[in-house]
Amino acid sequence: MKPFAEKALVLVIGAIFLFPLNAFAYLDPGSGSMLLQLILGGFAGLVIVFKLYWQSFLSFFKGKKSTDSVSTDKKEP
Amino acid sequence: MSSQLPIPVPGSFRDPSGRVYQLENEIFRTVSLEFSSEFEFVESTGFFDKACREKLLLSFDKVTPDWFAAMWPEVKYVLKAPMLPMVSFPYEWPFLALKEAALLHLKLQLMALDFEVTLSDASAYNVQFQGSQAIFIDHLSFRQYREGEIWVGHRQFCEQFLLPLLMRAFFGITPNAWYRGGQEGITATDFKRLLGWRHYLNINVLTHIVLPASLQRSTLDKSLSLEKGSLAQAGLPKSSFKRMLQKLYKWIEPLAPADTGKTVWKDYAHNHSYSTEEVEIKKQFIAEFVREAKPGILWDLGCNTGDYSVAAMEAGAGYVVGLDFDLGALDLAFSRSKESHLPFQVLFMDAANPSPNQGWKGTERQSLASRAKGNALIALALIHHLAISRNIPLEDALDWLMSLAPMGVIEFVPKEDAMVKKLLSCREDIFPFYTEESCLTFIRSKGKVIKTVKTSQSGRLLIWYSRT
């Protein structure tokens, strides 16, 4: 996978962990499956991927790390 | 009040919304105060009624046993469900049984969505069998569906149902040993490594295996940072959720094992060394035994495609659990059970390596022997495979068989028989004690020989034993 795209996807994963999409689950759905379903979910999910990609793209050229706001180091178990 | 207290069932600890207990021959599932509003919601939708009526979900009664308030103050409800004749685990299921369970799970999830209900996980261990009928047993897996939420169980469904099925359907590899070893199924990451280029042309493979595995991989070992942004607008609309389930259903339904050639035993019924007359003698003896023993549950060890299981059921056996190590034969036995709606459940078992106690603390999944509730057993044409193919001392093999049921029929296959000759044809005969006499002497030392019958010219002997 291309570095930009990968970075964007990673950011989406971060967002998913922050957003309580699965607040009622006791099962870890897995980031791969979550992201897949956001993409299958349609336009809104794709827009987010694009926005994050764009944010990551700009950050890359501005030479900044995209750590302006919330951060997490949550990893897959 | 009952003199005994309910005992927690091992393996029910993962879900904090309730636990399962056994008291004598009844199963009780508690619903915690914390989870009760979810349970009440699902109940109010009428989903439980429909799913139970259609026999997709194990029926239950809400009860208030007099001992429960004192014992479980944190419990709001107690559900009583019937005991199943034989609890089994996905690594013991032949292909067709696992497929049946997968389709049941998808059907239930689809039905649930119509009631604004969803499943909180996709564990294959929540499915059990009554004959060949898959049935969902965990009433607390259901909760309210929230518009836009994803299918939380997708990854687990793929690991525990889809990928083990594809292992056999794509590559002809039986997944049972792998499944038993890892307990949780097969991960997309592992499975992806097995795929060839032509598999990448399949959109379902890309969607459910390649893409999730790649995305999962890309998220490992990364520190993440982000503004929350407009994620609230994202999610999986219900229509997409349903479409995903329907597509999976359509993909799984026609799957068949790739190894459709001969397996060891499924051709046995036609190619073995018996004459029809011998088969008839065997069937008559089994029928006589069953009529006398009247077993509620009979175990047929080495059941092959189920000929003698069927003979036993025709003679009045209430429920037959057929065990065999040939998965091809078991699929035929499963189809037979399904087509005729027989009380006949088939499970994969290598008698020389039966399912052990395993999982958390070594108690989560019980061994085959500790689940043995059979009132009787038949073990035809099995003993020579244990004693000669696997070098298990004859007495040990007989002792194990007799420990599984208080009475039964064991077939002794002598060295003069063609099948044993074949087993010994390429190896030294190191079995001087493998004789009919030793067999009978041992059985008599552990119980009684009620009756015997010779079934072949070669000297095969059916031995009806009783431990008391």
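This is a predicted model: local features need pLDDT of at least 70, side-chain atom pairs count only at pLDDT 80 or more; totals for chains, interfaces and linings use all residues.
View 1. Let's start with a pair of residues: Val453(B) stands opposite Leu462(B) in S17(B). Strand S16 of chain B covers residues 448-454 and strand S17 of chain B covers residues 461-466. The two strands pair in the antiparallel sense, over 6 bridges. Follow the chain through the hairpin and you pass 6 residues between the strands. Look there for Gly459(B), which takes a positive phi near 100°.

**View 2. The open sheet of S1-S2-S3-S5-S4 in chain B.** Here 5 strands form an open sheet, with antiparallel pairing. Which strands stand at the edges? They are S1 (7-8) and S4 (61-63) of chain B; each has a single partner strand, so one side of each is left without a neighbour in the sheet. Further in, strand S2 (residues 20-23) of chain B pairs with S3(B) over 4 bridges, again in the antiparallel sense. A handy landmark is Tyr21(B), which stands opposite Phe28(B) in S3(B).

**View 3. Domain 1 of chain B against domain 2 of chain B.** Chain B is divided into three parts: domain 1 (1-83), domain 2 (128-252) and domain 3 (276-467). This view takes domain 1 and domain 2 of chain B, whose C-alpha centres lie 29 Å apart. How many residues are in contact here? On the domain 1 side there are 22, and they meet 14 residues of domain 2 of chain B. The size of an interface is often given as the accessible area lost when the parts come together. For this pair of domains in chain B the buried area is about 1,500 Å², with 62% of it on carbon and sulfur atoms. Three residues, Arg29(B), Glu38(B) and Leu58(B), supply 34% of the area that domain 1 of chain B buries against domain 2 of chain B, more than any other three residues.

**View 4. A salt bridge between Arg29(B) and Asp138(B).** Side chains of opposite charge can pair when their charged atoms come close. In this close-up, Asp138(B) forms a salt bridge with Arg29(B), and the closest N and O atoms are 3.0 Å apart.

**View 5. The side of domain 1 of chain B that touches domain 2 of chain B.** Across this interface, 7 residue pairs are in polar contact. Strand S3 (26-32), helix H1 (36-45), helix H2 (47-53) and strand S5 (75-81) of chain B each supply at least two residues of the domain 1 side. H1(B) gives the most, with 4 residues. By class, this side of domain 1 of chain B has 13 nonpolar, 4 polar and 5 charged residues.

Terms used. Residues are numbered from 1 along each chain as its sequence is written. Chains are lettered from A and ligands numbered from 1 in the order in which they are written. Side-chain values use heavy atoms; hydrogens and water are left out. Domain bounds come from an automatic or database domain assignment. Contact means heavy atoms within 4.5 Å. Buried area is the accessible area (1.4 Å probe) that two parts lose on being put together, summed over both. A salt bridge is a side-chain nitrogen of Lys or Arg within 4 Å of a carboxyl oxygen of Asp or Glu. A polar contact is a pair of N or O atoms within 3.5 Å; within protein, one must be able to donate a hydrogen and the other to accept it, and residues adjacent in sequence count only if both atoms are side-chain atoms. Ala, Val, Leu, Ile, Met, Phe, Trp, Tyr, Cys and Pro count as nonpolar, Asp, Glu, Lys and Arg as charged, and the others, Gly among them, as polar. Two strands pair if DSSP finds at least two bridges between them.
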